Amino acid sequence: QVQLVESGGGLVQAGGSLRLSCAVSGRTFAAMAWFRQAPGKEREFVAAITWSAGSTYAADSVKGRFTISRDNAKNTVYLQMNGLKPEDTAVYYCAAGWYASSRPKEYSYWGQGTQVTVSS
């Protein structure tokens, strides 16, 4: 049974940092990604990483502030978020699939989401 379990969300002031974790169990995947969804908005791509090579991709809105990484030994993907802004407030989801993509439909498995709230 595949499980993706996110953790690390919370409330932080603008300019602060958080690190999200996504623990994967059940099988291995070629690519992992983080998406986010704010109230009333569509799910938005944040960053992706290929599991073997560690190639990374990020949305323009988070480049230079967010970093995606993975720990193969722990089967865990991370999203380090620095310089947080109020517009980063959303539910953050990790996703697993077969190649890195910015499109949600390319990912077969999803976590339950973790809330990130950035106060101004």
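Are Cys22 and Cys94 buried or exposed? Both of these cysteines are buried. The structure is a predicted model, and this report describes some of its features in turn.

## The disulfide

A disulfide is a covalent bond that joins the sulfur atoms of two cysteines. A search of the whole structure finds 1 disulfide, and this bond is formed by Cys22 and Cys94, with sulfur atoms 2.0 Å apart. The pair connects distant parts of the chain: Cys22 belongs to strand β3 (residues 18-25) and Cys94 to strand β9, and 72 residues separate them.

The torsion about the S-S bond of Cys22 and Cys94 is about 50°, so this disulfide is right-handed.

## The buried aspartate, Asp88

Asp88 is found in the loop between β8 (76-81) and β9 (90-97). Its relative accessibility is 0%, and Asp88 is therefore counted as buried; the limit for that class is under 20%.

Which side chains make polar contacts with that of Asp88? One is the side chain of Arg65, at 2.7 Å. Another is the side chain of Arg36, at 2.9 Å. The side chain of Asp88 also has a polar atom 2.8 Å from the backbone nitrogen of Lys85.

When neighbours within four places in sequence are left aside, Asp88 is in contact with Arg36, Arg65, Phe66, Gly83, Val116 and Val118.

Arg36 lies in strand β4 (residues 31-37). Arg36 is buried because its relative accessible area is 6%, a value to be set against the limit of under 20%. Besides the polar contact of 2.9 Å with the side chain of Asp88, the side chain of Arg36 makes a polar contact with the side chain of Tyr92, also given as 2.9 Å.

Apart from neighbours within four places in sequence, the residues in contact with Arg36 include Glu42, Arg43, Glu44 and Val46. Also among them are Ser61, Val62 and Phe66, as well as Glu87, Asp88, Ala90, Val91 and Tyr92.

Ala90 is located in strand β9. With a relative accessible area of 3%, Ala90 is classed as buried. Not counting residues up to four places away in sequence, Ala90 touches Arg36, Gln37, Ala38, Thr114, Gln115 and Val116. Ala90 and Gly9 are 81 residues apart along the chain, while their C-alpha atoms are separated by 9.9 Å.

Ala59 occupies the loop between β6 (56-58) and β7 (66-71). Its relative accessibility of 13% is the reason why Ala59 counts as buried. Leaving out neighbours within four places in sequence, Ala59 is in contact with Phe45 and Val46. Between the C-alpha atoms of Ala59 and Leu18 there are 18 Å, and the two residues are 41 apart along the chain.

## The cavity

How many cavities of 30 Å³ or more does a search of the whole structure find? The search finds 1, and the volume of the largest cavity is about 40 Å³.

The lining of the largest cavity is made up of Val24, Arg27, Thr28, Phe29, Met32, Trp51 and Asn75. Sorted by class, this lining has 4 nonpolar, 2 polar and 1 charged residues.

## Asn75, a lining residue

Asn75, one of the residues that line the largest cavity, sits in the loop between β7 and β8. Is Asn75 buried, partly exposed or exposed? At 31% relative accessibility, Asn75 counts as partly exposed, since that class lies between the limits of 20% and 50%.

The backbone of this residue also deserves a remark. Most residues other than glycine have a negative phi. Phi of Asn75 is near 50°, a positive value in a residue that is not glycine.

Conventions. Residues are numbered from 1 along each chain as its sequence is written. This is a predicted model: local features need pLDDT of at least 70, side-chain atom pairs count only at pLDDT 80 or more; totals for chains, interfaces and linings use all residues. Side-chain values use heavy atoms; hydrogens and water are left out. On a 1 Å grid over the protein atoms alone, a cavity is a set of points where a 1.4 Å probe fits but cannot get out, and a pocket is an open set with protein on both sides within 12 Å along at least five of seven lines; lining residues have an atom within 4 Å of a point. Grid points are joined across faces, edges and corners, and a volume is the space filled by probe spheres set on the points. Ala, Val, Leu, Ile, Met, Phe, Trp, Tyr, Cys and Pro count as nonpolar, Asp, Glu, Lys and Arg as charged, and the others, Gly among them, as polar. Helices (H or I, at least four residues) and strands (E, at least two) are DSSP runs, numbered from the N terminus. Buried means under 20% relative accessible area, exposed over 50%, partly exposed in between (1.4 Å probe, protein chains only). A polar contact is a pair of N or O atoms within 3.5 Å; within protein, one must be able to donate a hydrogen and the other to accept it, and residues adjacent in sequence count only if both atoms are side-chain atoms. Contact means heavy atoms within 4.5 Å. A disulfide is a pair of cysteine sulfur atoms within 2.5 Å.
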